[in-house]
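Please read this briefing with the sequence and the structure side by side.

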Amino acid sequence: MTARLTDAQLRFVQAQRIGHLATTSASGESHVMPVCYACDGERFYIAIDEKPKRPGRTLQRVSNIEATHRAALIIDRYDDTDWSRLAWLHVRGPVTMFGPDDPEHAGIIALLRVRYSQYRAMRLEDAPVIAITPQHVTGWGAIEP
């Protein structure tokens, strides 16, 4: 069962610039990290980009996804001067990894590059992309601006 974002939730998601990806290892150890994301209204996409990584090692988030095929993404807005603007959206669901040979890969990379100009200078074509299909979506606070 796929959860659909409301129009207000989608506008909120598009207005924010960073999310926090949560994955869990096969043994139950959690792993959370900040990520850039794009959403096409159906799925959330997260690139494995060129920023420095440990050579020869699989990223923890990728290992966890390969083990459990699930993830969560928190997208929030914090306003230190006006707490009436605080809001968050919590998305949970199954994960698909799209590799360079998948027909959808090029379109996903294009979507990410439109959202983040920094990705235009990175070679993303050879790396997989994480895709979360929302199964559960919950939110709180001033989702509407």
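This is a predicted model: local features need pLDDT of at least 70, side-chain atom pairs count only at pLDDT 80 or more; totals for chains, interfaces and linings use all residues.

Residues are numbered from 1 along each chain as its sequence is written, and side-chain values use heavy atoms, with hydrogens and water left out.

**Overall fold**

- The protein has three helices and eight strands, where helices (H or I, at least four residues) and strands (E, at least two) are DSSP runs numbered from the N terminus.
- Along the sequence these elements follow the pattern α-β-β-β-β-α-β-β-α-β-β.
- The radius of gyration, taken over C-alpha atoms, is 15 Å, close to the 15 Å that the globule rule gives for 145 residues, so the protein is as compact as a globular protein of that length; the rule itself is 2.2 Å times the number of residues to the power 0.38.
- Taken along the principal axes, the C-alpha atoms fill a box of roughly 45 × 35 × 30 Å.
- Among contacts (heavy atoms within 4.5 Å) between residues at least 6 apart in sequence, 71% join residues at least 24 apart.

**Surface and burial**

- Buried residues make up 41% of the 145 residues, where buried means under 20% relative accessible area, exposed over 50% and partly exposed in between, with a 1.4 Å probe and protein chains only.
- The protein exposes about 8,200 Å², of which carbon and sulfur atoms supply 54%; accessible areas come from the Shrake-Rupley method with a 1.4 Å probe, and for residues only the protein chains shown count as cover.

**The largest nonpolar core**

- A nonpolar core is a set of buried Ala, Val, Leu, Ile, Met, Phe, Trp, Tyr and Cys residues joined through side-chain atoms within 4.5 Å, and in the largest one, with 38 residues, F44, L73 and I132 touch the most other members.
- The elements that give two or more residues to this core include the helices α1 (7-15), α2 (60-68) and α3 (105-115), together with strands such as β4 (44-47) and β5 (70-77), and β6 gives the most, with five residues.

- H105 has its place in helix α3 and counts as buried, at 3% relative accessibility.
- Beyond four places in sequence, the contacts of H105 include F98, P100, L124 and V129.
- L111 is also found in helix α3, but at 29% relative accessibility L111 counts as partly exposed.
- Not counting residues up to four places away in sequence, L111 touches A38, C39, D40 and Y45, whereas L111 and I143, 32 residues apart in sequence, are 23 Å apart in space, C-alpha to C-alpha.

**Two loop residues**

- D79 lies in the loop between β5 and β6 and is buried, with a relative accessible area of 17%.
- Leaving aside neighbours within four places in sequence, D79 is in contact with R85 and L86.
- H69 lies in the loop between α2 and β5 and counts as partly exposed, at 46% relative accessibility.
- Most residues other than glycine have a negative phi, whereas phi of H69 is near 60 degrees, a positive value.
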